[in-house]
Each structure stands twice: as C-alpha cells, then as structure tokens.
Amino acid sequence: MASINMNLLNLIILSILVHVNTQQVHRRFEYKYSFKPPYLAQKDGSVPFWEYGGNAIASGESVRLAPSLRSQKGAIWTKQPINFDWWEVDVMFKVTGRGRIGADGLAFWYTTQRGEYTGEVFGSSDRWNGLAIIFDSFDNDNKHNNPYIMAVVNDGTKVFDHKSDGSTQLLSGCLRDFRNKPFPTRARVEYYHNTLTVYFHNGMTNNEADYELCFRAENVVLPRGGYFGISAATGGLADDHDVIHLLTTSLHTAQQGGQQISSDEQQKLSQEYQEYQKKLEQQKEEYRKEHPDEARDKEGEFEDWFESDGQRELRQIFQGQAQMHDVLRDMNKKIDEVIGKQMNSLSMLTAVYSHAQGSGLQAQPPQAGQAPPPIPSLPIGRHDWDALVANNQIMINTVAELKGFIIEVARKSDSLLAAGGSGGGTAINPQFLNEMRDSINQVKQTVAGVAQRVATSPGVSGAQVSCPDVSCVGFTGLLLVVAVQLVIMLLYNLYKERKEAQAKKFF
C-alpha cells in the first residue's frame, strides 16, 4: 500500500513538472514599442519610434497627454505595427488635479489602425477595431462607481456609450482609484494565449512588486499586427495626465523562444543600437558644452533618484507608526462605546435596585453558608418604556409652546418699556396690560393641561399625585420669573452682538 502511494505521488510531481515546462514563457524586451526616461524626448522634441499629437507635450521625463485645462485631448502612437502575437505592456502614469473629482481619464489602445489625436473617446477615435483599456475618472452615469478601470473590445462597428460610461459594452473591469497618489500608478496589461489579464499598482508605495489583480478575461481574440497607443482627454473638469514610461515585452512559448534569429538580423539590430548610442552620447556632449554650469559629477548624477537604506527604513517606520496610530484610534473609539454602554447599564441597574429598596424590599445580609440574594428584575416593561417616551415627547412639545409664549411676552415687554421711555415716565397703556394678563393666563392653562396629561398618561406605575386646587404659582411670582428671563435674554443678546462685532474685525 505504501509503495502504491509513493508511485502515485511521484506521478503527480512528474505531471506538475511537465506542465510547468510546457507553460514556460520566454520574454523579450521590445525597445521599438517602448519609451522611458531619462532622455525620453530627443532634442527636436520627438520620441523615438513614436508619434504624438493633439495637446500632448513630450519632455525628457514624461509625456503629458492632456494638461489640466478644459477640453484638451492628446495621444501618442507607435509608428510601426507589432510583429508578435502575445505581449505584455507596463504603463506608469500619474493623474493629478486640484479638484476632488477629475475628468475625463486616459486609455491604452491596441488597434489595427492608429487612432486620431483629438478623437471622441478619451482623445482617440471611436469605432476602433481592437482593445481599449480605459481609466475613467469621471462619473457620467451618476452611479458613484468612478474612478473605474475597464476593458472594451470593439470590432469597428460599435459606438462607445459615454452616457453609461461604457457599462453595457465593457468586457470586464474593477473599481480602483488612480488620482492624486503619492507615487506614480502603474498598470500591467498581459495578453497571452487569448487570455487578457490586467494588474494594477495603486501608487501608495514605491515597491514595484505591489501589483494586485484587476481582472482576467479568457477567450479574447484580438487582431494581429496592431498598433500600441495611449491617449487622454479632459472635459469641464481637468487633470494633468502624464505617462512616465510604456514598456513592451513580447511573450513567446518554449518552442518560439528556442529559435535563434538569423545573423543578418542580429547584425542589423546591433548596428542600429550602436548608432543610437553614438547619437545619444553626442547629444549629451553638446548639452554639457552648452550648459557647463548645470553639469554635475557623473558619479553623483543618479544619487537623487534613489533613496538610501536609512531613508527607506525611516519611511517604513513612519508608515508602520501611522498604521498603528490608526488601529489604536479605532480601538479607542470602540472602547469608548463599550464603556458608555456599560455605564448606561450600571446606571439602569442602580436605579432599579434603588427602586426595589424604596418599595420595601430591603436587602437582608446573607447568612453564613448562604448565597447572596439575587438582584430584582426590571419592574418596567416594554409598554412602560413606550409610555415614558410618549410623555417625554409631550413635555418637549409643551416646552416648545412655552418658549413661544415667553418670547411673545418678552417682545411685548420690550414694546411696553419703549412706550414708557418715550412718554417720559407716563402711565402704562391699560390695553397692553390686558394683553399681557391674557398671555399669562394662557401660559397657566397650558401648564395645567400638561400636568393633567402627565397625571392621566398610561403606563406610569405608583400613586398618582395631583396638584392642589389652589394656585401653585402666584401672579407676582410668575411676573418675577418672566422678568428674570427677560434680563437673561437681554444680556445674552448684548453678549452675542459683541461677539459678532469682534468677529467682523477679521474680515
């Protein structure tokens, strides 16, 4: 039995090794279909093996396809079609803007014909034949699902639906934010054996290996011999759309990778490379002669491009501390919530226990060997709580009515004082006193109504305590309370006006 299991295990391992060997991929960097800094653009502003147009601007460090101005469009395309079937393209770009929402986005293209430089679909032509990887930053359909990355395959007959952001035409996609990141964002598009895979780097770290899978689609048939391109566009809102590099790698199977290129082709490629190197060195020398003050030491030329080990460790420490701070802040919030709930529970239990003691259930000290008596259960049921809540609402409404009456009394008192002051100390108008007496009587009736509703409300246990027949508050006492409230309101208004006057000094 053990020998059978061992043979089965060996067979499984052998089949896995055979599968890995047959799936081995050979990669080859295609410099004619790539661009990267430094010296991305030549002295005359051209990019080797590429053509750009529209509002695109090429510099030594990047290609700005669309600047942060309204209604700008630009694109860059390869001069020659590709001569390989399977490929992988790595695009590093930055989309930055001052607004919380950006527009419109950029798109990577693989089409049979080169598109326009000021087209209708993110700066390129509509009705394309091939593949478009669209990085859409504006939400046209108002579904709050942007920024969004999607793949759209077109056979040259379909018109892109801008109103729905292409949601009815997309092959697949993922919701990822690529705007205003601390580091450049990256997208890696792989097309191998009719399988399209897109990986995305969110730009939160400078680690080149921090890719995550966006989507994978199988049975994707693309035309052969297409052109690579990348375009961008802005609308009413505007972002800067910068492409830092675009690196193309051709993918070959083990049989294709084992084939050696001919000596003539190898010699031709070597000669082209040497000519390009000579041209580059010549341009470097001319630049150094024209700008002697800007020439730097060759050894320290690239020191500013990379961070040292100490800087990297310090950055990692700061990032770890920031993450720990966020976790501790969340824990503190949760602990505060738990403590608040515990305090509410303890206060409720204390009130219930005090109520039970006040009702005559005095706690007896436990005898030796006996368990302590249990805490009495809650004497308030659900309907009691509902009744208390209803009474609370009634009292709140009544207090609001009382507030309105008091404000009216204060207004009339102010007019009374103004009339007395203008008359030089003359007698007070009797009609105004009658109005004030009616208002006070209405306040007393409202208070009596509140007392009656509270007394007759259901769900309140215990003995009902009613007010005596005689008036609880005299007329003089009520006037005194109203006068005190008027004085308080007058002082508050003076304080508020003083604060507003001080605040206006800053504007």
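Helices (H or I, at least four residues) and strands (E, at least two) are DSSP runs, numbered from the N terminus. The model is predicted: local features need pLDDT of at least 70, side-chain atom pairs count only at pLDDT 80 or more, and totals for chains, interfaces and linings use all residues. Residues are numbered from 1 along each chain as its sequence is written, and side-chain values use heavy atoms, with hydrogens and water left out.

**Surface patch**

- Val-327, Leu-328, Met-331, Ile-335, Ile-339, Met-343, Leu-346 and Leu-349 make a nonpolar surface patch of about 760 Å².
- Patches consist of residues with over 30% relative accessible area and no salt bridge, with like charges joined within 9 Å and nonpolar side chains (Val, Leu, Ile, Met, Phe, Trp, Tyr) within 5 Å.
- A salt bridge is a side-chain nitrogen of Lys or Arg within 4 Å of a carboxyl oxygen of Asp or Glu.
- Accessible areas come from the Shrake-Rupley method with a 1.4 Å probe, and for residues only the protein chains shown count as cover.
- Leu-349 sits in helix 4 (residues 309-358).
- The relative accessible area of Leu-349 is 44%, so this residue is partly exposed (buried means under 20%, exposed over 50%, partly exposed in between; 1.4 Å probe, protein chains only).

**Tyr-211**

- Tyr-211 is found in the loop between strand 12 (195-201) and strand 13 (212-218), and counts as buried because its relative accessibility is 18%.
- Its C-alpha is 4.7 Å from that of His-201, which is 10 residues away in sequence.
- Leaving out residues up to four places away in sequence, Tyr-211 touches Asp-90, Arg-186, Arg-188, Tyr-199, Phe-200 and His-201 (contact means heavy atoms within 4.5 Å).
- The Tyr-211 side chain makes polar contacts with the side chains of Asp-90 (3.2 Å) and Arg-186 (3.2 Å).
- A polar contact is a pair of N or O atoms within 3.5 Å; within protein, one must be able to donate a hydrogen and the other to accept it, and residues adjacent in sequence count only if both atoms are side-chain atoms.

**Aromatic pairs**

- Rings of Phe, Tyr and Trp (its six-membered ring) pair if their centres lie within 6.5 Å; planes under 30 degrees apart count as stacked, over 60 as edge-to-face and the rest as tilted.
- The count is 16 aromatic pairs.
- Phe-35 and Trp-50 pair edge-to-face, at 5.0 Å centre to centre and 90° between the planes.
- This pair links strand 1 (residues 26-35), which holds Phe-35, to strand 2 (residues 50-54), which holds Trp-50.
- Phe-35 and Trp-50 are both buried.
- Tyr-110 and Phe-228 form a tilted pair, with 5.5 Å between centres and 45° between planes.
- Because Tyr-110 lies in strand 7 (residues 105-111) and Phe-228 in strand 14 (residues 227-233), the pair ties together parts 118 residues apart in sequence.
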